[in-house]
Amino acid sequence: MNTVKYTIASVLLLMSAIVTGKPLSIATWNMEHLAVENDKGCMPRVSKDYLKLKKYVETVDADIFALQEIQNIDALKRVFDTNKYTLIISDRPETKPYDCKVWDERLKKKVKTGKKSTTQNVAWAVKKDIKHKYSASDNIRELDLNTYLRYGLVLQLPKHELTLVNLHLKSSCYDGNLPSYDAGCTVKQVQLERLKKWVDQQGDQKIVLLGDWNTKIWSMNDYTTKQLPSFKVNTLSLKSCNPDYLKNGKAQPGVDHIFTNFTDKQANLYNFGKANEEGVEQNRDAMLSDHCAIKLDL
């Protein structure tokens, strides 16, 4: 019965794409501490870096971007052309800054950089020709358990009969080893349970859950996927683009994912090569952020 439902939903979405004249493309991208000012935050940038980010956006060319680690709307305006995109950011209050740290290979530990963090919000960038509805009252605020965690940002696409949720879950339990007595893992477990409760309340609505899950999905049998049994992981086979996460010379699964309850398609990862003349292969310092964008064409 479920197979029939998904098939019908996929056909309806395809028909919608035919009517609009093109498929709908949805991307998720953690922009790594995108600050509004030069040389601020835990990923300090200069003007040329923002120009490279802007070029990268044009390379990915998604209709909708689900974005994470954004200070505010003005930071987004430095990267996204407001003539092309409508920008939406979480209404979560600003968080207290913390000390930025980087890994010191010589000392084998993280050390302070002398800079302070900026607020890390989730946000949307939606092309002007995509009809959408957004209300802050729809957001899944229950995912913020300690004022430092992010809301689930809900976006409605009435024409496509789709609900999108932008997520940035707790940074912990990357391999999905839940339940666990580790404090961070416990928080993520609660987040997933609350997300499941929200999903169950939506009935038969077609839903896309996307963002930085901070979890490597190794199979359809880990704790995260078991919480969302009606969803497919369209990013299951993707690896991280970050050379920092190589293990024994091999790329590991990424933590950015796109879940859907109506289709099972392969999402594509967009490396920074076309937008960054310095290249990125095996070179973390040349990356424009520590995550690459992942796009799904519907």
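Contact is taken here to mean heavy atoms within 4.5 Å. In this predicted model, W29 touches, beyond residues up to four places away in sequence, L53, Y56, V57, F65, A66, L67, Q68, F272, S289, H291, C292 and A293. Together with F65, L67 and F80, W29 is among the residues that touch the most other members of the largest nonpolar core, which comprises 31 residues. At least two residues of this core are supplied by each of β1 (25-34), α2 (47-60), β2 (64-70), α3 (73-77), β3 (85-89) and β6 (121-127), and the most is given by α2, with five residues. Apart from this core lies another, of 23 residues, including V122, W124, V208 and F262. In soluble globular proteins, nonpolar side chains tend to be buried together.

An open sheet of mixed pairing is formed by five strands in the order β7-β8-β9-β13-β10, with β7 (153-157) and β10 (232-233) as the edge strands, each pairing on one side only. Within this sheet, β8 (residues 162-168) and β9 (residues 206-212) pair in the parallel sense over seven bridges, and the bridge partner of T163 in β9 is I207. Helix α4 (residues 183-200) lies across β7, β8 and β9, and runs at about 160° to β9.

L246 lies in strand β11 (residues 246-247) and counts as partly exposed because its relative accessibility is 32%, a value that falls between the limits of under 20% for buried and over 50% for exposed residues. When residues up to four places away in sequence are not counted, L246 touches A251 and Q282; the C-alpha atoms of L246 and Q282 are separated by 9.3 Å, although these residues are 36 residues apart along the chain.

Key:
Residues are numbered from 1 along each chain as its sequence is written. This is a predicted model: local features need pLDDT of at least 70, side-chain atom pairs count only at pLDDT 80 or more; totals for chains, interfaces and linings use all residues. Side-chain values use heavy atoms; hydrogens and water are left out. Two strands pair if DSSP finds at least two bridges between them. Helices (H or I, at least four residues) and strands (E, at least two) are DSSP runs, numbered from the N terminus. Axes are lines fitted to C-alpha atoms, for helices over the stretch in contact, and angles run from 0 to 180 degrees between N-to-C directions. Buried means under 20% relative accessible area, exposed over 50%, partly exposed in between (1.4 Å probe, protein chains only). A nonpolar core is a set of buried Ala, Val, Leu, Ile, Met, Phe, Trp, Tyr and Cys residues joined through side-chain atoms within 4.5 Å.
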